[in-house]
Amino acid sequence: MTKVAKKIAKDLLDIEAVFLNPNEPFTWASGIKSPIYCDNRITMSYPTVRKEIAEGLAAKIKETFAEVEVIAGTATAGIPHAAWVADILGLPMVYIRSKAKDHGKGNQIEGRISEGQKMIVIEDLISTGGSVLEAAEAAEREGATVLGVAAIFTYELPKGTANFADKQMTLLTLTNYSTLIDAALEANYIEEKDVTLLQEWKKDPENWGK
């Protein structure tokens with residue numbers, strides 16, 4: 001657990017971008033019961049937090065992928081973070097729609113990329129990774145060379161890990177579920193007795209609580 005990972009996790013809890021409720025779980029759109037709900041869009045409303053996130057992502061990207069030439073954001077949650085990161089790195093920025101437009105030029109990528117341009121795709125959070133990996137594939141179809149994906153937070157779900165491994169796609173994140181639990185316990189946001197339950201959910205979220 002790095003200092004940055006712990007700080008970002010604490011920030012997400014402080015601004016209530018993340019809720020942990022092991023005793024009264026949330027229901028995701030997929031139907032999965034979850035003790036955690038994360039909405040990183042809220043970070044846009046907190047200048048200090050969003051700046052720390054942008055600087056953290058920019059530093060990780062620069063350290064790992066010095067050759068990056070363009071920053072892409074996923075529509076819609078990844079767009080603002082991609083814009084801030086691109087500004088820090090002094091790079092072009094584009095965004096990737098979930099599907100191509102059904103009018104005009106039928107674009108799926110908004111902005112301009114050139115053939116072979118080296119790209120990092122930014123997402124706000126990772127669960128299974130399905131949508132951001134599809135966005136990366138769309139970018140590659142339009143000529144980009146996707147070096148990897150960068151995100152604020154990952155749930156560390158086994159399915160997500162497997163999906164990134166299957167696509168041989170590198171994932172960089174600022175913080176993660178394990179760090180979040182540690183930060184929440186330290187801040188008395190949860191109790192020691194909740195930790196095991198929260199850890200069990202990550203192992204098999206689809207069958208948790210059944």
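The model is predicted: local features need pLDDT of at least 70, side-chain atom pairs count only at pLDDT 80 or more, and totals for chains, interfaces and linings use all residues. Residues are numbered from 1 along each chain as its sequence is written, and side-chain values use heavy atoms, with hydrogens and water left out. Helices (H or I, at least four residues) and strands (E, at least two) are DSSP runs, numbered from the N terminus.

**Aromatic pairs**

- The model has 6 aromatic pairs. Rings of Phe, Tyr and Trp (its six-membered ring) pair if their centres lie within 6.5 Å; planes under 30 degrees apart count as stacked, over 60 as edge-to-face and the rest as tilted.
- Trp 28 and Trp 201 have ring centres 5.6 Å apart and planes at 80°, so this pair is edge-to-face.
- Trp 28 sits in the loop between β2 (26–27) and β3 (33–34), and Trp 201 in helix α7 (residues 192–203), so the pair ties together parts that are 173 residues apart in sequence.
- Trp 28 counts as buried at 16% relative accessibility. Buried means under 20% relative accessible area, exposed over 50%, partly exposed in between (1.4 Å probe, protein chains only).
- Trp 201 is buried at 0% relative accessibility.
- Tyr 177 and Trp 201 form a tilted pair, with 5.3 Å centre to centre and 50° between the planes.
- Tyr 177 lies in helix α6 (residues 177–186) and Trp 201 in α7, so this pair ties together parts that are 24 residues apart in sequence.
- Tyr 177 is buried at 1% relative accessibility.
- One aromatic cluster is formed by Trp 28, Phe 153, Tyr 155, Tyr 177 and Trp 201.

**Sheet**

- An open sheet of 6 strands runs in the order β7-β6-β5-β8-β9-β10, with mixed pairing. Two strands pair if DSSP finds at least two bridges between them.
- The edges are β7 (109–110) and β10, each with a single partner strand, so one side of each has no neighbour in the sheet.
- β5 pairs with β6 (residues 93–96) in the parallel sense over 4 bridges.
- Ala 72 has Val 94 in β6 as its bridge partner.

**Helices**

- Helix α2 (residues 47–64) has 18 residues and reaches 26 Å from its first C-alpha to its last, close to the expected 26 Å. The expected span is 1.5 Å times one less than the number of residues.
- Buried residues in α2 are Val 49, Ile 53, Ala 54, Gly 56, Leu 57, Ala 58 and Ile 61.
- What covers them includes α1 (3–14), β5 (70–74), α3 (79–89), β8 (118–126), β9 (145–154) and β10 (170–176).
- α3 lies across β5, β6, β8 and β9, at about 165° to β5. Axes are lines fitted to C-alpha atoms, for helices over the stretch in contact, and angles run from 0 to 180 degrees between N-to-C directions.
- α6 lies across β9 and β10, at about 5° to β10.
- α1 and α6 pack at about 65°, with their axes 9 Å apart.
- Ala 5, Lys 6, Ala 9, Lys 10 and Leu 13 in α1 meet Thr 179, Leu 180, Ala 183, Ala 184 and Glu 186 in α6. Contact means heavy atoms within 4.5 Å.

**Loop residue Asn 21**

- Asn 21 is in the loop between β1 (18–20) and β2.
- Asn 21 is partly exposed, with a relative accessible area of 26%.
- Leaving aside neighbours within four places in sequence, Asn 21 is in contact with Phe 26 and Pro 35.
- The C-alpha atoms of Asn 21 and Ala 75 are 28 Å apart, across 54 residues along the chain.
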